[in-house]
Structure formats: C-alpha cells, structure tokens
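Subject: Handing over the structure

Hello,

Here is the structure I promised to pass on to you. Please have a look at it first, and then read my notes below.

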Amino acid sequence: MSITEADTKVYDEESVGLDVPETAHQISTDSWFQAGFVLTTGINSAYVLGYSGTVMVPLSWIGGVVGLILATAISLYANTLIAKLHLLGGKRHIRYRDLAGFIYGKKAYALTWGFQYVNLFMINTGYIILAGSALKAVYILFRDDSVMKLPYFIAIAGFVCALFAIGIPHLSALRAWLGVSTVLSLVYIIVALVLSLKDGIKAPPRDYGVPGTHIGKIFTTIGAVANLVFAFNTGMLPEIQATVRKPAVGNMLKALYFQFTAGVLPMYAVTFVGYWAYGNSTSAYLLSNVNGPVWVKAFANISAFLQSVIALHIFASPMYEYLDTKFGIKGSPFKIQNLTFRITVRGGYLAVNTLVSALMPFLGDFMSLTGAISTFPLTFILANHMYLVAKKDKLTSSQKLWHWLNICVFSFLAVAALISALRLIAGKVEKKRSLTSKRDVAHPDFKDIFNWKNFMEVLKDDIMIVESLPAELADVKPLLRAPVSWSKTSYYRGYISTLLKQHKVLKFTHTDSRLANNLGGSTQRLRCRAMFEALRFSPAIEQLATKLVSRLKNNNSRYIALHLRYEKDMLSFTGCSHNLTKEEDRELTKQRKETSHWKRKKINGTHHRLQGVCPMTPREVAVFLEAIGFPLDTQVYVVSGKIYGRDGITPLKNKYPNLFFHSNLATEEELRPFKNLHNQLAALDYIVALESDVFIYSFEGNMAKAVKGHRRFEGFRKTINPNKQQFVALIDRLDKGLISWAKLSSKVKKLHENRIGAPYLRIATGSYKNEENFYSNPFPGCICEKSGGSSIVAKQ
C-alpha cells in the first residue's frame, strides 16, 4: 500500500487491523482527557515562571502578546498535522521516528531519532536546571549563607528525578501523578500571580522598554521567538498519542484542543501579570522577583521543584521506551531484573543530564537553544514537510505552497535562533569567566577614583560602610534594580528596604538622579557631607591635579577653565552639526540611530541650536570669550575629551594660543599611571576646573553641573553660564554683517551681568525633571543663610 492510498479515510482505519510496532510499554489505554493533561503538564510546567523574563522582556507588550497568541495558533496547527498522520499506510506510528522512517526511509528514521533525542535531552536538562533553581530559592529563604551553590542543588534535583524514573515504569503509569502535577502547577502559578499583582499595585511606574543595544536587541528578539515555540514544545506527540485509546486520531485532536484552549490560560495569566508587575527587570524565574511571606514562597518553589520532576519523566519516556524495548524489559516493573535495569540505565542517563545541567545553568538561553536545534525542526519544519509528502496527491497547489512557505520560514528562524542562542550563551560564559579573572582596569571601581578611606571616615557616625560583602553574603547573587528617578526617602525606606530584607544584596544598575532634589532634615545634611566632605579623589589624582593648578598659577597667574563638550557622543545625542561637513553630520546621525537607549532619533539640529540646546562650537567659544572681555593672552584650561570635527580645536587655539589640556600641562611620565583611564583623567580635569579663577561651560552636562555646584559650595566662585540662545542669534547677525563687533561685545557683557554664579535659592517646582538639580545648586541645603538681609556661605 502506498502512502497516498493509506492516507484516505484515515478514521476508518480505527475499525480495521493495523500493524502496531513492538513496544515494552503500555499503549492504547488512556482517555483523551488524560492525554490532554499530559500535554497541559508540559506547557504549564515550571518553565512558565520564566516566560515573563525570556519572552516578554525582549519583545515588550505588543510583540510579546501577539507573539504568544501566534505561537499558540501555529503550534496547534503543526501538532494537528502530526496527529492526523498517526495512522498511515496500514500502520500505527507510535514513535516520531517510526512516522518519519515510514515516509522518508531508514536514513530519515535515524536522523529524526537523533533530532528527537537531542530535543528531549535538552528539555530534560532544562528541567533539572529549573528544579535545582527552585531548590536553591527555598534554601536562600531560610539559610542564605551561600555555602550551597546552584550546581549542588542541580545534583540533588537530578538524583530525585532518577528515583522517580526508577519508580514509574512507563508513561501510562503516571495517571495519579498527573493530578498531583496539576495541583502543583496551580500552587506556583497562583502564588506567582497573587504576589506579582500585589507587588505591581504597590510598585512605582515600571520601565517596559526593551533593554540592550541595537544589535543586542536583534539577537534577544530572535531568542525570544525561539522561546515562544519552546513554550509549546513536545517533540514526542506520536509517543503520547500511542497511549490514547481508539479512535486515536479523534481523541488526540480533542486532547490538543484542550491543551491549546483551557490549558494555555494559566500560562498566559502568569506571563502577562509577571511582566506587568516588574517590567523589563523581570527575571528568568518569576519567583525570584516576588515579595511575600517566606512560607508561601517556599511552598511555591517546592511545588515548582516537584512538578519539574514529574514533567521531566514525560519527556524522558521516549528514551526509556526505546531502551526497555531494545533490551526486552517486560513483565512486572518490580522484578529484580527490571528494577536493576532501570536503576542502571535510567540512572546513568539522568546522571549525564545532570552533569550537563550543572556545567551550563543558563536557563533562558538554554530554552532558546533547544527551540533552535530541535523544536523548530521537529514541531514545525518536519511536521509540514511530512504532511506535504504524505498528502501530496490530495493537496491543491495553494496548499502545497502554504506548506513550503512554512518550511522555509521556520528553517530560516531555526538558523537565526541557533546563532542568537549560541551568541548569548557564549557571552554569558565569557562574562562568568571574566568575573573570576583580573578586573578590567578600563572599568574602574570606586576605589580607583575616590579616596575611599576618607569616605568611610567622614561618614562613619552616619552609616555603616564596608569594603566588601561579609563572607555569608559574598556569593549571593545580587538583585539588580534601577531605583525610580527623583524618589523621596519614603521610597527607599519602604519598597527598597523590603527588597533588601528579602534578597540580602541589591545592586543599583543606575544611580544618577535617583533622589529627589529637596529632601528635608537629616537626610539632606547627610547628602551634603557625602558630596562635599566625604567624596575626595584618590591621593594620586589629587597630587597630580595640585601640580597642574600650581603650574597654571605660577607667578600669580590666573586661568579660566572651559568645559568644552564639543565631542562626538554629545553632538550625536543633541543632533547638533552646525559648521560640520555633510559626512560628519551623517556619521552623527548614524550613531544616534544605532544607540538604542537614546529615544529621539530624528532631531532638527538647526532648531536645537537656535533654542540654545547645542554645545557651543570652538569658534563660538572663542568669539564669546573675546566679546565678554577676556584678553587674548588668557590661560585657558580645556576640560574636554576629543574635539569632534574637521577643524577640531583650531578656531579656539588661533584666537587663544595659551590653551592647556592635561595632556600638554602634565609630563608623559606623570600621565602614565592614568593612560586610557578616562574616568581618572576626568577627575583630574574636575579638580583643575574647581580651582580655576573662572569656570565657563559651553554645555550644561553632568560634569558642568557638578563643578558649578561645588564652586557654589566653596564660596560662590565665579562661574559663567553662557546664554546660548541669545548668543547664537548675535553671532549669526555678526556673520551676516547685521551687527558690529562693538555692539555684539556690549550685548554679550550685558546679557551675562547676572550669570556669573551669584547666590540664589534653589526653588522646588514639583517637576523633578525640569527643576534645578541639588548638586548643581546646593543652596539651600548645604549652605546656611543668616538673617539680617544678607546671605553668607557656611559649610555645615
């Protein structure tokens, strides 16, 4: 009988004799409802606790929701194709490899078995990682001493899985355990849902933006697509269908409809609510994010552990069936011979699984890798192609085209997902390796820049500061958090304090502008001490800076410090390209488009300049200095990185030849300890700018604000803040011959009479982003005002 003939009236074959392959396991006994629960156990396994982080975070709301619904529909379609091929050519194909071998031949049998083995092995590896992670989460709740590492818990999980595999002889024997599995799934899903809802209601606004660079987003998006298909992965549908009683096709379709309707609802709920509650800080294991009673979290994690053990047995069953059949393991499962065989063979198989799990515990990317290597080929590519071959005489041209389109699209996605998963795993392995190697000096820590001993000494009566984490916390993985910008102290005393108690160690991924400008009482005073007394640069930086200041002030000379922020990154960010070439403008635009965390991509640079948003060009600065009255022989110390543009610093140097940088003021030997250490060199510039007779900044960036605020604290030293909006209008008129030099100079001086750093009170407007920064103007807060009509400076 050919494939075409056997393909007709497939349901009628239920009533005729069929050739059923030999198997040592039980078949044709289970209801469609039990098969449905087997399938539902798979999709609602503890893996669902990872989809908020591994699917929603890389895809965000629209991509994640649409992607998950599409993956549900496409997976249902692909699985029904396989189910309809169960009875073909007068045979009942109880294994995936049997079906492929019947359609394609012996070589395809071996190839498909290879794919299926890899798929199931990787799924089981993921379950062991998952079970180990759940056990570790329980351990941390009660005894967070970092003695037990994740690989130890993975080993324990592997051992328990082996015990369960030895005790359960075949898939049909899971009957009562499927009910247990359902209860366990409900426990951790309900706990995760309720605690996530509770956290989400109380939490401040979350960030739902897709994190990472432009290139990184591409790879994580592809990885997320692989995770989507992994969510519905079985890779063993014929093996599950083999357990179903007649009519096998009709009953299996009922089981699939149950799986992809009622069965997916818990997964949808926990995935969407988890992402809603924590945004793009959602982890790859949702129970790591939630806050709640310890016993509740422990119960949920134990449930996740036990359910993973049961789910693993389902996906290991094809391997067990193959080995049992090959070696003739029949009769009572508790015969000494059969029991010994299971202990030896299944125990050995899971020992290898456990070893791989312990070596590579990156759950999220492992899901992506599994999706790429096996889920795409088995569930989508092979399903469509087998159906196409088996039904070739029954399909119309458009139907054939549809199946070929599916084959091509999923083949492309499989290759892309494989590259993405390998790249992400390699990156994490390298990151893990680098964490144990010598620290990269190009990324200095606090001690490299600041005098940490002074910091600890000044603040010792206010807060406890330690050099490193105590031994019991040294190996605790910190919870990464970006505090909400402009938060009040109540946010830290409430939400952040709760997180700290729960997770023991927090690492703030962002620290800029995380406190409100206007904090009352002791907190504000502590802030002043930290900023202006505790923070001192390292002795090496301070010593060299003192030498540079001394050289500039030699023979009672005076100098101005100029913060010239005419650098590539700032010009690209602001969209400013005045007086640059078209090629340079294109280069800035390209950088802006490729920098993912810069939200604005299309910017009218001309408009920005006229609004006073752009950094002043070297030529504009030269005109400004001369117009405001600085002699051409004035010493100018430039605080800046590499000046961008064809002309560079030349227009300024031509006008003011006494131009200094740290590079030409210090000797090569003096700068050698700081070579390529940009943060240390910036600290050097900061001190020289702080000690200058006049400080002028051409763009109000973070460093300019910090120097300006520090100079105010030191006695309102002269600091000129150019009115760029008015000035660029004047210089444009000068260039057009519409105003004389004398008139321009007079207007510039008049414009800046009250822009030289004189005292004024910082006003709280309630608009945190738009009001003046505390560190830019620490008055009031760090500067005392005496009554009597006049203000004087006094350090608290």
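**How helix 6 packs**

Helix 6 and helix 12 cross in a right-handed way (right-handed if the near helix is turned clockwise from the far one by less than a right angle, left-handed if anticlockwise). Before I go on, please keep in mind that this is a predicted model, where local features need pLDDT of at least 70, side-chain atom pairs count only at pLDDT 80 or more, and totals for chains, interfaces and linings use all residues. Residues are numbered from 1 along each chain as its sequence is written, and side-chain values use heavy atoms, with hydrogens and water left out.

The axes of helix 6 and helix 12 come within 9 Å and cross at roughly 60 degrees. Axes here are lines fitted to C-alpha atoms, for helices over the stretch in contact, with angles from 0 to 180 degrees between N-to-C directions. Helix 6 is therefore oblique to helix 12 (under 35 degrees counts as roughly parallel, over 145 as roughly antiparallel, 65 to 115 as roughly perpendicular, and the rest as oblique). On the helix 6 side, the contact (heavy atoms within 4.5 Å) is made by Ala-157, Val-160, Cys-161, Phe-164 and Ala-165. Helix 12 contributes Phe-305, Val-309, Ile-310, Leu-312, His-313 and Tyr-320.

Helix 6 (residues 150–167) also packs with helix 13 (residues 336–359), at an angle of about 155 degrees and with the axes 9 Å apart. These two helices are therefore roughly antiparallel, and their crossing is right-handed. Among the residues making this contact are Pro-151, Ile-154 and Gly-158 of helix 6 and Leu-339, Arg-342 and Gly-347 of helix 13.

**The protein as a whole**

The protein has 31 helices and nine strands (DSSP runs numbered from the N terminus: H or I of at least four residues for helices, E of at least two for strands). Of its 796 residues, 51% are buried (under 20% relative accessible area, with exposed over 50% and partly exposed in between, using a 1.4 Å probe and protein chains only). Among contacts with a separation of 6 or more, 79% are between residues 24 or more positions apart.

**The cores**

Which residues have the most contacts inside the largest nonpolar core? They are Leu-49, Phe-232 and Met-386, in a core of 120 residues. A nonpolar core is a set of buried Ala, Val, Leu, Ile, Met, Phe, Trp, Tyr and Cys residues joined through side-chain atoms within 4.5 Å. Helix 12 (residues 294–326) gives this core its largest share, 14 residues. Leaving aside neighbours within four places in sequence, the contacts of Leu-49 include Tyr-188, Val-270 and Ala-304. There is also a second, separate core of 35 residues, which includes Leu-588, Val-621, Ala-622 and Ile-649.

In helix 10 (residues 248–259), 10 of the 12 residues are buried, including Met-252, Leu-253 and Phe-258. Helix 2 (32–43) and helix 3 (51–84) are among the elements that cover the buried residues of helix 10.

The buried residues of helix 19 (521–534) are Gln-524, Arg-527, Cys-528, Ala-530, Phe-532 and Ala-534, and they pack against helix 17 (452–458) and helix 29 (702–713).

Finally, look for Val-728 in helix 30 (residues 724–735). Val-728 is buried, at a relative accessible area of 4%. Not counting residues up to four places away in sequence, Val-728 touches Arg-609, Leu-610 and Glu-620. Val-728 and Gln-611 lie 117 residues apart in sequence, and their C-alpha atoms are 9.0 Å apart in space.

Best wishes
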